[in-house]
Protein chains: 2
Amino acid sequence: MGLIVQKYGGSSVADAEGMKRVAARIVATKKAGHQVVVVVSAMGDTTDELIDLANAVTPIPQGRELDMLLTAGERISMALLAMAINNLGFEALSFTGSQAGVITDSVHGKARIIDVTPGRIREAIDAGSIAIVAGFQGISQDTKDITTLGRGGSDTTAVALAAALDADVCEIYTDVDGVFSADPRAVPAARKLKTVTYEEMLELAAAGAKVLHLRCVEYARRFNLPIHVRSSFSPNEGTWVVENHPEGDTMEQAIISGVAHDKSEAKITIVGVPDRTGVAARIFQSIADNDINIDMIVQNVSAAATGLTDISFTLPKSEGQKATQVLQRIQGEIGFASILFDDTIGKLSLVGAGMRSHPGVTATFFAAMADAGVNIEMISTSEIRISIIVREADLERGAKAAHTAFGLDADQIEAVVYGGTGR
Amino acid sequence: MGLIVQKYGGSSVADAEGMKRVAARIVATKKAGHQVVVVVSAMGDTTDELIDLANAVTPIPQGRELDMLLTAGERISMALLAMAINNLGFEALSFTGSQAGVITDSVHGKARIIDVTPGRIREAIDAGSIAIVAGFQGISQDTKDITTLGRGGSDTTAVALAAALDADVCEIYTDVDGVFSADPRAVPAARKLKTVTYEEMLELAAAGAKVLHLRCVEYARRFNLPIHVRSSFSPNEGTWVVENHPEGDTMEQAIISGVAHDKSEAKITIVGVPDRTGVAARIFQSIADNDINIDMIVQNVSAAATGLTDISFTLPKSEGQKATQVLQRIQGEIGFASILFDDTIGKLSLVGAGMRSHPGVTATFFAAMADAGVNIEMISTSEIRISIIVREADLERGAKAAHTAFGLDADQIEAVVYGGTGR
């Protein structure tokens, strides 16, 4: 009846048993009368193992060759998955990113999709086959070289292919039951969300929720393509990522959809910065020139007596050393006093379209933090998100407190039965 | 000065150390002023491991999907090799069979090369790069699907590419020093040959010598392309496979170039076959219809009293069970008495262009076997080869005796210093 694009991650197809389980699931969808296109990642740790091999022959693998190497991973999993489906009596054909018409720019390692021309896929499914497509990869429009889309790229492949094929839904299979109101490992009362909006999902992804990759959600929003995030280990409904919460749900829609927390960031404080025009620009230009992504920035009011201020920003822990070196190089030119590096922070975020119409959210949030004894070090807000930086040791306690304060706990709303591992 | 195509097998690039060693060797060739195109196989046991994975998901992998799977092996090795060369400061670009223009028919698992259009390879080497090409694979002209050329296919890729690029030589690197007058494991006095003709090499390959694949030699002969078989572990000259032995070598050219022995065959004897027209044809048609390759056939004169004869043939041991079943199915129709299966035989072959002009070769050969106490069970001859079937237990003794009888032993001709492992 419909056309369904399904995406299975590496943990779902980590071994032959996983392949067979996923194959059965795909065949069940086909038997239900749908046309099925499947996007698959490399098996288990294959990508990491290939990177280890590359590092064994050279300290700096060229992007073109690294992409050639890494795309072998999906080639293996897609061929095996097609075989496993064939073994169940259904025809399946595997296609590389190039064969599937995934056309990208030439930026190896993090190519962006320019166009998708899925002629061979359409032909295969119209002939009754199940099409298996390698995630994460494409072919460069200019050089005709093989490219990869970067981490999480298979989700993007699935959504882009679903959009190009005008699919009814893109199902993203994972090892959790869907998108949760918080990470269940930290907040046991977290519940699975029935729906989240693209906007909320984007903010959740940016705030550190790892279920869906930012680019894939952006792509889905652009084409208004529904994503269904669900577990490959259970038949339960997962979470629908859609344009708007369904009409009927509006009344019971919580102000906050979810609480995200993230331990992957560090904080750098530049102490004693001269409060002159252009100084901040100079600092952050240097950071950007070195391809370092920063997240939150806070600048204090300068002390009138000294004309000096402090600037703090957060960034991925892994970029900390590089950023510190960049700043040391411009210390003389800028004339600041010192650099403080702190990697024991955590970021706690509230996300929800509902906060637009509820001005008291910030006050409730901060009060909950105060009651829980969690000190707030930095604050950053967007239209539907509030993020704070706290001590890493306080992070999970803060997440639980916020979850309860906004009435998100499972027993506060509904009893939810988890079918999966809850991880 | 020249254009050299080099082929490295899986054992040469089995690990990171092997990759680096091969990379250094390639760079040395480039530094000597040559344009270099390299064909590489999958690392070590990768292909076998991928086949195991396929067998874990289905008993009968589809050819198209199995080819998709197996080609991941060369993709990994070629990318790593390109990285290892880049790491030495030389530009290397890797290309899949499809990118290199290796166009085949659509017979998955044993595709034949139809055409080679190496435009991208030419472009890369003209720009000063070293081109690394995946062996063993191509793209089907009709279906645009990925194909593989079957075992030994990387040698064929190398020779086909060398022919298409009008290369000066195709160097086949292996773990032995070249082509030997016999297998040194069985005949310690075996010596490395300076040259063999295409014709001799074809007969040696057909007789069980494993150094070069039959198809690759056929291809080289068709384009009169010199092959240089040499060790990747030593700088020594190996064996040149050429149209004719060099003029100056004619006088010292032995009658026999080499002695090959092969334990991979079994013998089937069909006992009590009615000696009627068409019976043998019916038998071998059934065998051929089941894709079983047979080698030698012997039919005895029928006994006048009974009008019955025995037919014996040899075939790969691995096909024995299948062939026996085929014959049992037609036993009633043909009306023969019984089938005998014997997998304890060995095949011993003499090969040499010189035997054309030396009529006494057969007599010398058989006398040597008699002296060594080796019983001859079947005989088959071509213009430059004599093969006999003997007991498997007698095979190596027979090989040594033949080697000595034709004056091939190293101390009979020249002292040869082996640089490699001699395996």
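Modeller: Two strands pair if DSSP finds at least two bridges between them. Strands (E, at least two residues) and helices (H or I, at least four) are DSSP runs, numbered from the N terminus.

Colleague: And the ground rules?
Modeller: This is a predicted model: local features need pLDDT of at least 70, side-chain atom pairs count only at pLDDT 80 or more, and totals for chains, interfaces and linings use all residues. Residues are numbered from 1 along each chain as its sequence is written, with chains lettered from A and ligands numbered from 1 in the order in which they are written.

Colleague: What is the bridge partner of B:I270 in β17(B)?
Modeller: B:I339. Five bridges join β14 (265-274) of chain B to β17(B), and the two run antiparallel.

Colleague: What is the strand order in that open sheet?
Modeller: β15-β16-β14-β17 in chain B, four strands with antiparallel pairing. At the edges are β15 (297-299) and β17 (338-342) of chain B, each pairing on one side only.

Colleague: Which helix packs on the sheet?
Modeller: α8 (279-289) of chain B, touching β14, β15 and β16 (308-316) of that chain. Contact means C-beta atoms, placed from the backbone, within 7 Å. The direction of α8 makes about 145° with that of β14(B). Axes are lines fitted to C-alpha atoms, for helices over the stretch in contact; angles run from 0 to 180 degrees between N-to-C directions.

Colleague: New topic. How is chain A superposed on chain B?
Modeller: By a rotation of 179° with 0.1 Å of shift along its axis, RMSD 0.1 Å.

Colleague: Which C-alpha of chain A is nearest the axis?
Modeller: That of A:A72, 2.3 Å from the axis.

Definitions and conventions
Two residues are in contact if their C-beta atoms, placed from the backbone, lie within 7 Å. Copies are superposed by least squares on the C-alpha atoms of residues with pLDDT of at least 70 in both.
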